Amino acid sequence: MSAVSSGQQTRPMYYLLLLMILQLGLHTAEGVWPLPQTLISSTERFPLSPQAFYFGYGRQSAAQQGCSVLDEAFKRYFSLIFPDYTSAYGILRFSTDKPFTVEVSVDRADCDGYPDENSSERYNMSVFAGRASLKAETVWGALRGLETLSQLVYQDDFGSYFVNKTDIEDFPRFQFRGILLDTSRHYLPVQAILKTLDAMAYSKFNVFHWHIVDDPSFPYQSRTFPMLSSKGAFHPMTHIYTQSDVRRVISYARMRGIRVLPEFDSPGHTKSWGQGQPDLLTPCYKGGIPSGTFGPVNPALPSTYQFMAALFKEVSSVFPDSYIHLGGDEVDFSCWKSNPYVRAFMQKMGFGSDFTKLEAFYMEKIVNITSALNKTSIVWQDVFDYHERIPKDTVLHIWKGTPASYHDELSRMTKAGMRVVLAAPWYINHISYGQDWRNYYTVQPLNFSGTEEQKKLVIGGEVCMWGEYVDATNLTPRLWPRASAAAERLWSDEKQTSNVDKAFPRLQDFRCKLVRRGIQAEPLYVGHCKQEYQGV
């Protein structure tokens, strides 16, 4: 046999081998973001066809068809898993593809409730030939598992869909994983908030902290005090959140396993409140006469507390979550100091000239109002720093300082037995040139001196997007994918996700997934996505 003919015989073998190597190289689901606690993936892969792909409930599942949260999620995730496929309803489809079924089972049928501070988000998932099995304690855990599944599915260069044989056990490292949006400094249309909730679900965030009002504007339309928004909003008709807007946000969030935590910050940050509620703010004095300007809420008047009790009664009926944020930060004492009536009140109360005691008095009254409504209060760290007597179940929110100072604060607060949420390292309204996501990724929330019991009191963290320079035009690219760096820190195991360089290609891949899903996530660095943003 000539050399030529033997070469011709080995060539098909060579091509076959090359094809097998290429096939192996094609299992390019770059992984899941945030990284699950344990993920075992094989190179064995299964083709998926949208015409033969089904979601269903396990026989033993406590939730069955008719469970609103999961029925809706199945529709939503079908479109996310097969973004190219638009179903033609009413047309008979004959498919020769082997069916693939995702079987979902939950232990508790909490289909009509709201996620809360104790909701389990744990799930287990196995993907094998023809089937994926997803088991969770609650529907909220099942939602997290569906998100993971949607990220495991990938397309080859010819557009065919695949998923690899996979086993996952997963649960969040921290229970509270929040995003703060500020809708006072700039009004954010409801659509921008809903889009943020979508992106939050993709990154497995579970708390939307709605900093709804502040000095510049009061867009929340109160049933009890309608003048607050009609006088305090940027515009009384176009720049407000009606009761139905608020219900829509809460309902949309619930369907994605996200709690809505409202913040009505006082006694500072309340200039807009004074427009529609006379005698609420403190008149400032100059040279012994009123100057015509106003400071924080007036803590010396009984009418202040009557107003606050009525407002918070409404707020606690509108927002179903058990938490309510009362603010308590950055109170400027100069106006209180200038007001002779406030000073006289302080003498009567025995506070002398210590205005931190006056703020403490005010905050204790407000916390007691919300406690009577069966709400757990969250307050900014200033309230703790002023040694205020607040109930032990109050959650403290750290927003100030460098790593050294917030680590000290974590030690002090948890030593006092208080629960804490850490926000200081994740103020991502601050931007800098370059890859600042790396700084957010390397935060170590439990790297402070304290016992194991103290560390359990750190219930989570929050990414804050303050609104001085942010509205609907730049909210999404400024938030994503930078916030997703914090999402992995708050969900995943710290040891497995400590290497920033290893995280980079996964985050780049996840950013492309966000872009394909219509989220205008900004690029991390030079490169491209297979599907670029189409402006829809």
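**Ground rules.** I work with a predicted model in which local features need pLDDT of at least 70 and side-chain atom pairs count only at pLDDT 80 or more, whereas totals for chains, interfaces and linings use all residues. Residues are numbered from 1 along each chain as its sequence is written, and side-chain values use heavy atoms, with hydrogens and water left out.

**Barrel.** I looked up the closed sheet and found eight strands that form a barrel in the order β8-β9-β10-β13-β14-β15-β16-β17, with parallel pairing. From one strand to the next the twist averages 30 degrees. For my own reference, strands (E, at least two residues) and helices (H or I, at least four) are DSSP runs numbered from the N terminus, and two strands pair if DSSP finds at least two bridges between them.

**Strand β13.** I then followed β13 (residues 323-327), which pairs with β14 (residues 376-380) in the parallel sense over four bridges, and which is joined to β10 (residues 259-266) by two bridges, again parallel. Histidine 325 has isoleucine 378 as its bridge partner in β14 and stands opposite glutamate 263, while tyrosine 323 has threonine 376 as its partner in β14. Which residues of β13 are buried on each side? I listed Tyr323, His325 and Gly327 on one side and Ile324 and Leu326 on the other, where buried means under 20% relative accessible area, exposed over 50% and partly exposed in between, with a 1.4 Å probe and protein chains only.

**Helix pairs.** I recorded that the axes of α2 (residues 68-81) and α3 (residues 139-152) come within 10 Å and cross at roughly 10 degrees, so α2 is roughly parallel to α3. Axes are lines fitted to C-alpha atoms, for helices over the stretch in contact, with angles from 0 to 180 degrees between N-to-C directions; angles under 35 degrees count as roughly parallel, over 145 as roughly antiparallel, 65 to 115 as roughly perpendicular and the rest as oblique. The residues of the contact of α2 with α3 divide into twelve nonpolar, one polar and two charged, taking Ala, Val, Leu, Ile, Met, Phe, Trp, Tyr, Cys and Pro as nonpolar, Asp, Glu, Lys and Arg as charged, and the others, Gly among them, as polar. Helices α4 (residues 190-202) and α6 (residues 243-255) pack at about 10 degrees with their axes 10 Å apart, and this contact has seven nonpolar, one polar and three charged residues.

I located glutamate 330 in the loop between β13 and α9 (334-338), and because its relative accessibility is 45%, glutamate 330 counts as partly exposed. Leaving aside neighbours within four places in sequence, glutamate 330 is in contact (heavy atoms within 4.5 Å) with His269, Asp382 and Trp399.

**Glutamine 381.** I placed glutamine 381 in the loop between β14 and α12 (382-385); glutamine 381 counts as buried because its relative accessibility is 5%. Not counting residues up to four places away in sequence, glutamine 381 touches His397, Ile398, Trp399, Lys400, Glu409 and Met413.
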